[in-house]
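Here are my notes on this model, point by point. Please read them with the coordinates open.

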Amino acid sequence: MDDDLDEALGAVGPRLRALRRQRGTTLADLSTTTGISVSTLSRLESGARRPTLELLLPLAKAHGVTLDELVGAPPTGDPRIHLRPVTRHGMTMLPLTRRAGGIQAYKLVIPASSARREPDPQTHEGYEWLYVLNGRLRLVLGAQDLVLSPGEAAEFDTRVPHWFGAADPEPVEFLSLFGTQGERAHLRARPRPAPPGETDRR
């Protein structure tokens, strides 16, 4: 039993690191959110610090996961998948995968209000693949300003500054696959047309 417990606790660090990296969050950002020092967070992720309930509770809340997911608790026999949506940066993310590390799948919903937001491109390690289900997705990728319609996809290196938003006054739904490994980017989307007489970027 002790060996099983040690094995479970030993897997927490890599899960914490994977969760933080897939969200593009720094240790400093996570420290501000949870009140846990950067050095303690770093030691937890490396396995040098044994996780405790007092540390795992705020981390689970910050990452939008359950304690069971953090410690890799065995299934209870219920075959249903209890997905918990998370709202961040004005969009709702529904995780479609339950394991830490590897390819992570999400369904994202961006409200129409984001069409009026000024893009704020971000960078982080990894590769991302997008597929639009409904609405039109505005993708700012480096110097490119693109629009993806339903059925169109994009794949890119997330070290390139990028930002997502609704291209029209309608919400947009799309699938996202994110991983730390993948092929180089290839895009299949049209540049966003500028409305006649409009000189300002939304």
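1. Of the contacts between residues at least 6 apart in sequence, 65% join residues at least 24 apart. Contact means heavy atoms within 4.5 Å.

2. The model is predicted: local features need pLDDT of at least 70, side-chain atom pairs count only at pLDDT 80 or more, and totals for chains, interfaces and linings use all residues. Residues are numbered from 1 along each chain as its sequence is written, and side-chain values use heavy atoms, with hydrogens and water left out.

3. The protein chain holds 6 helices and 11 strands. These are DSSP runs numbered from the N terminus (helices H or I, at least four residues; strands E, at least two). Of its 202 residues, 38% are buried. Buried means under 20% relative accessible area, exposed over 50% (1.4 Å probe, protein chains only).

4. Helix 5 spans residues 53–63, with Leu55, Leu56, Leu59, Ala60, Ala62 and His63 buried. They lie on the same side of helix 5 because they cover an arc of only 160° around the axis. The arc is taken from the directions from the helix axis to the C-beta atoms. Glu54 and Lys61, on the other side, are exposed.

5. What do the buried residues of helix 5 pack against? Their partners are helix 2 (12–22), helix 3 (27–34), helix 4 (38–46), helix 6 (67–71) and strand 1 (86–88). Gly64 follows helix 5 and has a positive phi, near 70°.

6. Thr97 sits in the loop between strand 2 (91–95) and strand 3 (104–110). Beyond its neighbours within four places in sequence, Thr97 contacts Ile103, Gln104 and Ala105.
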